[in-house]
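Subject: Structure handover

Hello,

Please find the structure below. My notes on salt bridges, aromatic pairs and nonpolar cores follow it.

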Amino acid sequence: MTSQLAEIPLIDQSYDGEPQPTAVLRGLKKPTSRRSVLRGVAASALTVGALSLTWGHSGRAFAEEGPAGLMGWDRNDCQDAYPGGYDEERDADGEFKDAPGACFGGVISSKYCDGNGWYRADQETRDGGVHKYTPDPTMCSGKHSWKWKTPDGKVYRCSDGTETVTANGGEQQVVFSMCRALVS
């Protein structure tokens, strides 16, 4: 016997007929034992446990998108771009000069960061010349940034760029530099 949708009473509707026990389980050949129920519970727990190990872990590093669509590594060991890794360097100056090293390559400083913690894209006149800051997406294996975790548990974003200094006489100097910004 199958139920028809029209035969199911609404939640606020009273039922006028005689209540009938369900016939769904009558097709089973033998009653369910305690062992079968426990086996089912154990199998369900193992399934949920195994699935929870994969939740939130895709097995790949996801790229973090910076200003102007520049992509970066979203890991804190920098092994996406450099499988052997490399040793971090301390900042030349700026906010994290006395903190443990976190980035590698070029001149490292928080002064190269914009207000959002990415390599800045602007220019300023100081020290007798024009300093132009340009993010560079080609330095770190085609990515613009990566995350680095220091021994004290803090995570920093290291984003690549160049500082081009043009002196009053027109002479230019290009310096590979690195913005170091605190992420967490």
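With a relative accessibility of 26%, Arg126 counts as partly exposed. Please keep in mind that this is a predicted model. The partner of Arg126 in a salt bridge is Glu163, and their closest N and O atoms are 3.5 Å apart. The two residues belong to distant parts of the chain: Arg126 is in strand S4 and Glu163 in strand S7, 37 residues apart. Glu163 is buried, as its relative accessible area is 6%, and the cut-off for buried is under 20%. Through shared partners, salt bridges join Arg120, Asp122, Glu124, Arg126, Asp127 and Glu163 into one network.

Salt bridges elsewhere

The structure has seven salt bridges. One of them is between the side chains of Arg180 and Asp91, at 2.7 Å from N to O. This pair also links distant parts of the chain, with Arg180 in strand S8 (residues 172–182) and Asp91 in the loop between S2 and S3, 89 residues apart. Both Arg180 and Asp91 are buried.

Lys111 and Asp93 form a salt bridge as well, with 3.8 Å from N to O. Lys111 is in the loop between S3 and S4, whereas Asp93 is in the loop between S2 and S3, so the pair ties together parts that are 18 residues apart in sequence. Lys111 is partly exposed, at a relative accessible area of 33%, and Asp93 is partly exposed at 28%.

Aromatic rings

There are three aromatic pairs in the structure. Phe96 and Tyr156 form one of them: the ring centres are 5.0 Å apart and the planes are at 75°, so the pair is edge-to-face. Phe96 comes from the loop between strand S2 (71–72) and strand S3 (107–109), and Tyr156 from strand S7 (residues 155–167), so parts that are 60 residues apart in sequence are tied together. Phe96 is buried at 8% relative accessibility, and Tyr156 is buried at 2%.

Tyr112 and Tyr133 make another edge-to-face pair, with 6.0 Å from centre to centre and 65° between the planes. Tyr112 is in the loop between S3 and strand S4 (123–126) and Tyr133 in strand S5 (residues 129–135), 21 residues apart. Tyr112 and Tyr133 are both buried. Together with Tyr119, they form one aromatic cluster.

The charged end of Arg120, a member of the salt-bridge network, sits over the ring of Tyr133 at 3.9 Å from its centre. Arg157 lies over the face of Trp118, 4.0 Å from the ring centre.

Nonpolar cores

The largest nonpolar core has 10 residues: Phe96, Ala99, Ala102, Cys103, Ile108, Trp146, Trp148, Tyr156, Cys158 and Met178. Strand S6 (145–149) and S7 are the elements that give two or more residues to this core. Another core, of six residues, lies apart from it and includes Tyr112, Cys113, Cys179 and Ala181.

What does Cys158 touch, leaving out residues up to four places away in sequence? Its contacts are Ala102, Cys103, His144, Ser145, Trp146, Trp148, Met178 and Cys179. Among these, Ala102, Cys103, Trp146, Trp148 and Met178 are members of the largest core, while Cys179 belongs to the other one.

Regards

Conventions: Residues numbered from 1 in each chain as written. Predicted model: local features only at pLDDT ≥ 70, side-chain atom pairs only at ≥ 80, totals over all residues. Heavy atoms only, no water. Phe/Tyr/Trp six-rings, centres within 6.5 Å; stacked < 30°, edge-to-face > 60°. Helix = DSSP H or I, 4+ residues; strand = E, 2+ residues; numbered from the N terminus. Buried < 20%, exposed > 50% of the residue type's maximum accessible area, 1.4 Å probe, protein only. Lys NZ or Arg CZ within 6 Å of the ring centre and 35° of its normal. Core = buried A, V, L, I, M, F, W, Y, C linked by side-chain atoms within 4.5 Å. Contact = heavy atoms within 4.5 Å. Salt bridge = Lys/Arg side-chain N within 4 Å of Asp/Glu carboxyl O.
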